[in-house]
Amino acid sequence: MRYFISYAGADRVWAFWIGQQLRASEFEVELDEWSWNVGTSFIRNIEHALAQADRIIAVCSAAYFDVGSYGSEEREAALRLAHTRPGLIIPVVVGDCEFPPLIAVLARINLIGLDETAARTKLLEKLAGATPPAIGYKPEWPGVNGREKFVRPGERRRGDRRRLKTVWNVPHRNSRFTNRSNILGRLDNYFEPVETHAVAAIYGMGGVGKTQLAIEYAWRNAHRYDIVWWIYAEQEAHIAPQLGALIEQLGLRSSGSATQDAKMALNSLRQSNRSWLVVFDNAPSVGAVREWLPPGARGHVLVTSRSPEWRSLGESLELRELALADAAAYLQSRTGCTALDTATAIASEVDCLPLALEQLAAHIEHIGVDPGLFLTKFRTQRARYLRRGSDFHYGGSMDTAWLLTLENLEHNAPASAQLVTLLAFLGPEPVPLDLFVEGARALPEPLRASVLSEDSDGPDFDDVVAEVLSLSLLRRDGNALIMHRLIQDVVRTRLSPSNAELAARTIRGLVAAYLLQYRPDRPDSWPRWEQLDLHWSSALAFTDQHVTVAEHEFRQTMLNGCRYRWARGNYAGTKSLVDSFLGLWRAHLGPSAIEVLEAECISAAASYDLGEYGVAMSAAENLTVRCGEVLGLEHPLTLTAASCLARCLRGAARYEEATELNQSILEVRTRVLGEDHPETIATACSLGRSLAGAGRLAEAEQVDRRSVDIRSAALGQQHPDTLVVTNSLVGDLLFLGRVEEAHEIGDVNLHALRDVLGDSHPDTLNAAYNFAGVLAARREFDAALALDTDTLDRCVAVFGDGHPNTWHVRTNLATDWAGLGNYSSAVAADRELLVAYQGLLGHGDPATLTVANNLMLDLQAVGDSDGVAALKEGFPDVDGERRMRDWWFSRVR
């Protein structure tokens with residue numbers, strides 16, 4: 001008697017156990033992992049096994065009847081045979097499930113709830129009445145309770161309160177995934193057991209199926225992991241935001257900084273006792289992901305890449321094209337082609353590249369052409385490319401295949417063809433459908449009419465998308481569309497230069513129409529900007545940037561993109577973006593163009609926030625003069641440039657000059673815009689800080705209180721701008737000696753900033769710095785030390801170790817150590833700070849003098865008279881009579 005065992009991936013242990021019981025009783029057993037050779041056709045093996053089997057044991061559970069589960073091919077084939085061969089299928093039930101009608105009427109063997117001996121006896125008696133002999137090899141007993149109830153990714157496992165909801169963001173599974181049993185088996189072995197930490201990489205040429213294999217592995221092994229997190233890793237800058245998005249799923253609160261969130265996620269995985277798998281898809285190199293590889297004892301990392309340089313991190317597996325027999329069998333199954341030689345010839349034409357095979361099959365299926373006729377036409381197109389000198393191996397093969405599909409689409413569904421072309425000029429990450437709906441006015445006809453449903457006789461947008469999906473040109477992931485980067489390459493390269501520029505210009509207009517609806521400085525708009533940040537910059541990559549200079553709306557989008565990054569505290573990203581186009585704009589628009597001057601204001605502000613004070617001061621001075629000459633002294637942009645200069649003056653501790661300039665700006669803005677206008681209030685906030693720095697604290701408090709009241713009424717108490725000026729008020733109160741009032745307001749304000757902007761946003765860090773000073777003033781040095789230590793770690797992550805903001809938090813730490821009586825630590829910190837400040841800010845800067853003063857006090861406390869004497873020689877005006885606090889709050893934003 002010959003048995004074939006059909007099972008779902010989640011029931012693999014059960015299948016092995018049942019198979020061994022049968023083999024021990026001298027039955028002949030066929031089971032895929034025991035019987036099928038590496039490299040042979042998966043589909044052919046199933047068909048052969050079912051045809052040769054006397055009986056088929058169906059290992060039944062909820063997983064077995066799930067359409068997306070591993071083993072579904074076997075199940076479907078077995079059910080088809082059951083129509084013609086009564087008694088063929090014997091259901092062996094190992095888990096609760098609902099049976100389809102064809103199975104429900106069959107007698108079945110129920111093993112749920114039995115111990116191993118009882119289960120073995122029942123199985124063999126029902127099958128043949130045999131007495132079980134001793135078994136030399138004993139597979140793992142699946143358990144008295146049968147198995148855990150099958151859980152699809154993301155569902156809660158019933159009856160087990162210890163297990164949390166599975167964290168899962170893996171793309172949808174390819175129901176036609178073919179073979180690859182060799183690589184999947186090697187991954188299974190390498191990632192066994194789940195409690196060990198391991199890194200594996202799958203590498204190979206584009207289109208060979210690396211991503212699909214990683215998706216298949218994740219789905220087949222979903223039951224093994226509590227956390228499975230997918231990261232599109234092609235662009236290094238986008239890894240941290242995707243990894244940072246995991247913290248919400250882990251029940252943690254966002255810090256407001258993508259980098260800090262990513263590090264929090266890594267730390268959580270390291271400390272977690274949950275099993276996890278993190279996939280980095282299409283990573284360009286080891287260096288791009290090394291920083292973000294999760295540590296930990298219970299996790300696995302799977303990387304897909306075109307690069308082979310992964311052996312230093314762990315297992316490195318090369319994925320090549322399908323075997324010719326597998327590729328031909330796939331085409332036969334996919335297209336219904338009965339002629340093996342035709343299927344083999346078509347597979348050979350594309351070197352058995354999985355992505356090309358899928359697209360050819362989709363084309364044949366969609367247009368209903370005879371595969372033999374298709375082969376003839378395909379070879380004709382191939383010859384044309386060969387005559388042009390193409391080698392027809394990588395781009396050539398794909399180009400030929402896509403030429404047929406795209407030409408057919410352009411002829412029969414022009415709106416769908418336009419959608420495909422536009423998607424080729426965006427990034428390979430998910431593209432929100434809202435982009436096309438909300439930016440429809442920028443779309444070409446007939447796509448525009450389809451999106452807006454203006455043509456009652458034509459297709460609507462859902463029809464347009466469905467047509468493209470039917471050809472496997474892209475896939476849908478929720479409310480987003482994804483096009484493979486290789487397909488994007490093919491679509492772009494087939495366009496003439498003029499048509500390519502037209503498509504790129506359309507994308508720029510589309511992105512502009514979409515994003516210009518959302519103010520970059522409003523927190524409720526940030527998700528839209530974040531979602532499109534991966535894509536709007538792609539619109540620049542496929543065109544001559546000289547062309548974009550003439551597009552007013554896209555220029556505004558670029559400026560707003562800079563403002564968005566600045567509002568999110570991404571100062572380096574702001575500077576990088578604005579500098580990427582500023583020189584070009586100057587050359588084409590002229591140095592006096594409004595948008596050029598706006599860009600220069602943004603650049604100067606970003607330079608200041610990056611700690612480049614000299615660069616920022618020079619730029620702001622030059623800009624203020626030029627704006628005044630070109631636009632007039634009371635033009636809004638002139639006042640903006642002057643405000644930037646006032647900020648730089650504050651940074652240089654030239655507080656009286658900053659105060660005078662702020663008062664002049666405030667007078668003009670109050671007269672022209674009104675005292676409640678946002679720009680007027682922004683100037684008042686800057687004035688409050690310059691007054692505080694100048695020691696005019698009572699005036700500063702009065703100005704800041706009024707600013708808080710106006711912003712609270714206009715924007716709400718939880719708006720970031722309100723919270724930022726409230727932090728200035730806390731600083732005023734602290735230095736006025738009203739410590740309890742500062743504590744009451746500062747505590748609430750810091751928590752609000754953390755909730756609104758995140759723990760690591762620069763404005764939150766400034767508030768934390770201020771509030772730690774309040775705690776120290778209340779002599780709560782332990783609490784101050786804890787807060788300052790946390791703030792320092794975040795500043796290093798956000799600004800870098802050498803940024804002035806980072807160093808000023810260290811001044812707080814030195815004060816905390818001294819307050820706790822640890823003067824040796826305070827002296828060490830003060831000495832390091834003094835050297836840094838003299839280099840960063842200069843010998844006579846107030847912050848430098850503050851540190852010198854505090855160092856003198858700490859040296860006196862440890863009895864270092866020689867150190868005190870040496871310090872007095874370098875700083876004769878420092879008396880060291882009382883501890884001073886840094887006034888840094890008056891110099892930041």
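Biologist: Before we start, what does buried mean here, in terms of relative accessible area?
Modeller: Buried means under 20% relative accessible area, exposed means over 50%, and partly exposed lies in between, with a 1.4 Å probe and protein chains only. This is a predicted model, in which local features need pLDDT of at least 70 and side-chain atom pairs count only at pLDDT 80 or more, while totals for chains, interfaces and linings use all residues. Residues are numbered from 1 along each chain as its sequence is written, and side-chain values use heavy atoms, with hydrogens and water left out.

Biologist: Is Trp585 buried or exposed?
Modeller: Trp585 has a relative accessible area of 1%, so it is buried. Phe581 also counts as buried, because its relative accessibility is 0%.

Biologist: How many aromatic pairs does the structure hold?
Modeller: There are 11 aromatic pairs. Rings of Phe, Tyr and Trp (its six-membered ring) pair if their centres lie within 6.5 Å; planes under 30 degrees apart count as stacked, over 60 as edge-to-face and the rest as tilted. One of the pairs is formed by Phe436 and Phe461, which is tilted, with 6.0 Å centre to centre and 45° between the planes.

Biologist: Where in the chain do Phe436 and Phe461 lie?
Modeller: Phe436 is in helix α19 (residues 434-438) and Phe461 in helix α21 (residues 461-470), so the pair links distant parts of the chain, 25 residues apart. Helices (H or I, at least four residues) and strands (E, at least two) are DSSP runs, numbered from the N terminus. Both Phe436 and Phe461 are buried.

Biologist: And what is the geometry of Phe581 and Trp585?
Modeller: Phe581 and Trp585 form a tilted pair, 4.2 Å centre to centre and with 35° between the planes. They are separated by about one helical turn because they are four residues apart in helix α28 (residues 571-589).

Biologist: Which residues form an aromatic cluster?
Modeller: Tyr190, Phe191 and Tyr217 form one aromatic cluster.

Biologist: Which ring does the charged end of Arg810 sit over?
Modeller: The charged end of Arg810 is over the ring of Trp807, 4.5 Å from the ring centre. A charge sits over a ring if NZ of Lys or CZ of Arg is within 6 Å of the ring centre and within 35 degrees of the ring normal.

Biologist: Moving to the backbone, which residues does a cis peptide bond join?
Modeller: A cis peptide bond, with omega of about 5°, joins Glu445 and Pro446. Pro446 lies in the loop between α19 and α20 (447-452).

Biologist: What is the phi of Asn282?
Modeller: Asn282 is not a glycine, yet its phi is positive, about 65°. Asn282 is in the loop between β9 (276-281) and α12 (286-289), and it counts as buried because its relative accessibility is 8%. Ala653, also not a glycine, has a positive phi of about 65°. Ala653 is found in the loop between α31 (636-651) and α32 (655-673).

Biologist: Last topic: which residues does Thr764 touch?
Modeller: Leaving aside residues up to four places away in sequence, Thr764 touches Leu750, Leu753, Arg754, Leu757, Gly758 and Asp759, where contact means heavy atoms within 4.5 Å. Thr764 belongs to helix α37 (residues 762-777) and counts as buried because its relative accessibility is 1%. A polar atom of the Thr764 side chain lies 2.8 Å from the backbone oxygen of Gly758.

Terms used:
A polar contact is a pair of N or O atoms within 3.5 Å; within protein, one must be able to donate a hydrogen and the other to accept it, and residues adjacent in sequence count only if both atoms are side-chain atoms.
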